[in-house]
2 protein chains.
Amino acid sequence: MFQINDNYQKLPGSYLFSTIGKKVKAFQEANPDKKVIRLGIGDVTQPLAPAIIEAMHKAVDEMGQAETFRGYAPDLGYEFLRHAIVENDYRARGCEVAEDEVFVSDGAKSDSGNIQEIFSVDNRIAVCDPVYPVYVDSNVMAGRTGTYDKEKETWSDVIYMPCTAENGFVPEFPKETPDLIYLCLPNNPTGTTLTKSQLQEWVDYANRVGAVIIYDAAYEAYISESDVAHSIYECEGARTCAIELRSFSKNAGFTGVRLGFTVVPKDLKCNGVSLNAMWARRHGTKFNGAPYIVQRAGEAVYSAAGKAQLREQVAYYMNNAKTIKEGLAARYEVYGGVNAPYIWLKTPAGMTSWEFFDYLLEKANVVGTPGSGFGPSGEGYFRLTAFGNHENTVEAVRRVVSLAD
Amino acid sequence: MFQINDNYQKLPGSYLFSTIGKKVKAFQEANPDKKVIRLGIGDVTQPLAPAIIEAMHKAVDEMGQAETFRGYAPDLGYEFLRHAIVENDYRARGCEVAEDEVFVSDGAKSDSGNIQEIFSVDNRIAVCDPVYPVYVDSNVMAGRTGTYDKEKETWSDVIYMPCTAENGFVPEFPKETPDLIYLCLPNNPTGTTLTKSQLQEWVDYANRVGAVIIYDAAYEAYISESDVAHSIYECEGARTCAIELRSFSKNAGFTGVRLGFTVVPKDLKCNGVSLNAMWARRHGTKFNGAPYIVQRAGEAVYSAAGKAQLREQVAYYMNNAKTIKEGLAARYEVYGGVNAPYIWLKTPAGMTSWEFFDYLLEKANVVGTPGSGFGPSGEGYFRLTAFGNHENTVEAVRRVVSLAD
C-alpha cells in the first residue's frame, strides 16, 4: 500500500493567504453591503504598463504565424531576456553575473519553494522571524524542520533570527551555525532593509561558516536609499555563497503574468560540485520554461519606454506607502515603507495580530495581514501593503485612524 | 558547511533532450549547408489556432486596463477554465470529476515531476520501459530509486515493466508490488496504447494492491479508435486509485504557451488523508498559478471555434503520422501513429538506438530520438514525431527510405 509524504501532516493550518482569503470571503458574504478594502496580500492593482502590453500583443501575433511561432523555450530561458537581465540588473550595477547563471522561471514563489531541493535534507535552515511563509513551509514538506511546537509556534530544527523593533529589524548571527540562510531584502513582511555594509557582513559570515544565502530580492525596485544594495552580488564574495531570487511581480506588476528568475553563480560549489549545474538539471527536468509571450513581456520591462513607465508605477505605490505611514504615524508605531511597499505596525492596546485582523475587518472593513502569520516574532505586529489603488488606500487610512480616535 | 542533495549526483548524463539538442547543434555548426529536419523532440510546429490568438489578445487588453486587470490567480486556477475542463473533458465523457478536483498548472512536465513529492520516499515506483524520462529522473532526485546499474541502465529500486514488440507494448502486472505506477497513454514514446478494458484491468490491479496510478494523458487528443479511453476516470474505480495529468501542449500546440492540469479525486486517500488536500497545499505553497492570459487561451481551446480549429490541427499532425508510418512500413518495422503522434520503429541491421541516431543525422540529416534514451527496453528502437510541418515530414521520410535502398 502506498504511503504519503508524512511531512505534509506536520504543517499547521493552511497557507497564510488562503486562510485570510477564506475569512474575508465569509465576512463579505455575511456583510454584502460593506465595501472591504484589501491591503492584505501583496497583490498589485495597477494595470500592466503600455510598453508591456504592446510587447505581449506582438508576441501573441508571432505565435499565430507559422514563420514566427515558438514551441518549447530554451531550458534557461530566451537569450534575449537573460541578456537584458544581465545588462540591466547586474552589469549596470557593477555585478559579475553571466547569462548562463540566470534561470528564467514562472516566478519567485516557485523558485523560493523549489530551491531547497538541491540541498541535503540534513541541512539546517535559518530564517528571519517574521518571514515569508514559503521558505519554512517548503522546508517542512521536505522534512528539514523537525517537530512543531504548537505553544511557541516554532520548528525544532529551524534557526530563527528575530527581527523586531528592539533590534531595528536587523537579524543577528545565530548561535547555532546554519547551512542555508534565507534573507529577503528589502524585507517582506517588515518593509525594512539592511544597509549594504550590513549585508556585506552576512556575506562574510556565510563564507566563513560555509553557508548558502538564499537571497530574495523581490522588492529591489522599491529601494530609495543609496546605501542599500539592489543585488547581493554588489557585496564582495557573494558569488561563492549566494543564490539570488528575483521577481517581476512587484517591479512590473506581473503577479498575474508570472515571471521571475534565479541566479546561481558558477563559483558556488560544494566539494567541487557546481550548484549551477544542479539547478540547471532541476530546471531542465521538472520545469519547461516560462511562456514565450511572458518572456517578451519581461524583455519590455527593460526597454526605455518600459523603464520610464514602471518608474511611475513604483512611485505610485510608494506614494501609497507614504500615505499609510504618515497617516498612521500619529496613532500607531509604524515601520518600513521607505525601501519597500509594506508598512509594519505595532498592534494597539496589546491586541494579538489576529485579534487586530478581526477588529480591522469588522470595524473598518480593511484587510491586512496578521504579523504572527509570518512567525512568532511577528506577534503583536500587522502588515499593510501599498499595492492598493490610491483612492482606496486613502480611505483605508481614514477608517483605521478614526478607529483609534 | 552546507551539503547538497546527493541524489542529483546519481543521475547519469544530462536530460535526454538536452543531449540531443547539443549533438544536433554540433552537427549543424560543422555542416552549415545541410538542412536538418527535426523529428526528435515532441515539439509542435503549427501556429496557435485563431480562436486562441483572439482570446489572448483580448486578455492582454484586459491586463492593460485597471478595471479588468488581474493579479494573482485563484490557487486552483480560474473557475472559467476549470469549469470548461470539467464539462468538456469529463462530464461529456460520463466521468465524475468536480471543479475543485482540477488543479491548473504551467504544464504536465512540471506536474509529472512534482507529483511524487506528496508520496513517501519509501514508496516503490513502477514505470513502463521505455518511458518518458521525467518520471524516473524526478524520483531519482527525490531518492526513491536506489542505485544505478551502468551496465543494465536500470535503478535497483525501480520496477520496470517492459513494453516491446514481443508483448504488443502492453505492460504486464509486475512481480513485485509497486506503490506508484506511472502510465502514459496513449504512450510516449512508443505511440501505442491500451484498450479501455486493458486499462480497466490496471485500475482493478491498483485498487487491489493499494497502488496509485499516475496517469499521463497528454496525448489523448490523438486517440482515433473507439475502444480507447480518453480519461482513466472512464474506468470504474479510478477515483480511488488514480491521478490524471493533462497537457495543452499537444492538443492545442501550447508547448511554448505552458498550460496543463492535474486531477486529484477526493476519493483518493491514504489512511484517511486526502491526496486532494495535500496537492492543494503543495500547489498553494510552491506555485502561484498559470498566467491569466494563458488560462484564457486554455478556455478558448474549449470554445466551438477553438474545437473546430484544433480538430484540424490534430488531423494535420496525424496525417504526418500516417505519412511516416506508411512511408517507412515497407523497409522498417513500425509501430504507433494511430492513437498518438509518435512512430516507433525498430532500428535496422542490429544498430543500437544511438548508432541509428548518428547514422540518420549524418546520412539523412534527420533528427529522431534514440529509444534507449527512454529506458533499456527502448534499445534497438527509435522514435519519430509527427509534429513537424508536412513538407519537412515528407522530405524526411524520403531521405530515410532512400538510406534503406
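**Labels and their cut-offs**

Mentor: Let's start with R124(B), which sits in the loop between α5 (108-114) and β3 (125-129) of chain B. This is a predicted model, where local features need pLDDT of at least 70, side-chain atom pairs count only at pLDDT 80 or more, and totals for chains, interfaces and linings use all residues. Residues are numbered from 1 along each chain as written, chains are lettered from A and ligands numbered from 1 in the order written, and side-chain values use heavy atoms, without hydrogens and water.

Trainee: Why is R124(B) called partly exposed?
Mentor: Buried means under 20% relative accessible area and exposed means over 50%, with partly exposed in between (1.4 Å probe, protein chains only). R124(B) has 22% relative accessibility, so it counts as partly exposed.

Trainee: Which residues does R124(B) touch, leaving out those up to four places away in sequence?
Mentor: A contact means heavy atoms within 4.5 Å. R124(B) touches S156(B), D157(B), V158(B), I159(B), E176(B), T177(B), P178(B), D179(B) and L180(B).

Trainee: And why is T240(B) called partly exposed?
Mentor: Its relative accessibility is 39%, and therefore T240(B) gets that label. T240(B) lies in the loop between β8 (212-216) and β9 (242-247) of chain B, and it touches N207(B), D267(B) and L268(B), not counting residues up to four places away in sequence. Its C-alpha is 9.7 Å from that of A211(B), 29 residues away in sequence.

Trainee: What about V338(B): why partly exposed?
Mentor: Its relative accessible area is 34%, so V338(B) counts as partly exposed. You'll find V338(B) in the loop between β13 (334-336) and β14 (342-346) of chain B. Beyond its neighbours within four places in sequence, V338(B) contacts Y222(B), S224(B), E225(B), M318(B) and K325(B).

Trainee: What makes helix α9 of chain A mostly covered?
Mentor: Nine of the 10 residues of α9 (292-301) are buried, among them Y292(A), R296(A) and V301(A). The cover includes α3 (50-63), α4 (79-90), β2 (102-105) and α10 (304-329) of chain A, together with α3 (50-63) of chain B.

Trainee: How do you know that the radius of gyration of chain A agrees with a compact globule?
Mentor: The radius is taken over C-alpha atoms, and the globule rule is 2.2 Å times the number of residues to the power 0.38. For 405 residues a compact globule would come near 22 Å; chain A has 21 Å, so the two agree. Of those 405 residues, 64% count as buried.

Trainee: How do you know that the copies are related as by a two-fold axis?
Mentor: Copies are superposed by least squares on C-alpha atoms of residues with pLDDT of at least 70 in both. A rotation of 180° with 0.0 Å of shift along its axis puts chain B on chain A, RMSD 0.0 Å. The two copies are therefore related as by a two-fold rotation axis. In chain B, H57(B) has the C-alpha nearest the axis, 3.1 Å from it.

Trainee: What shows that the same surface serves both copies?
Mentor: Of the contact residues of chain B, 99% recur in chain A.

Conventions
Helices (H or I, at least four residues) and strands (E, at least two) are DSSP runs, numbered from the N terminus.
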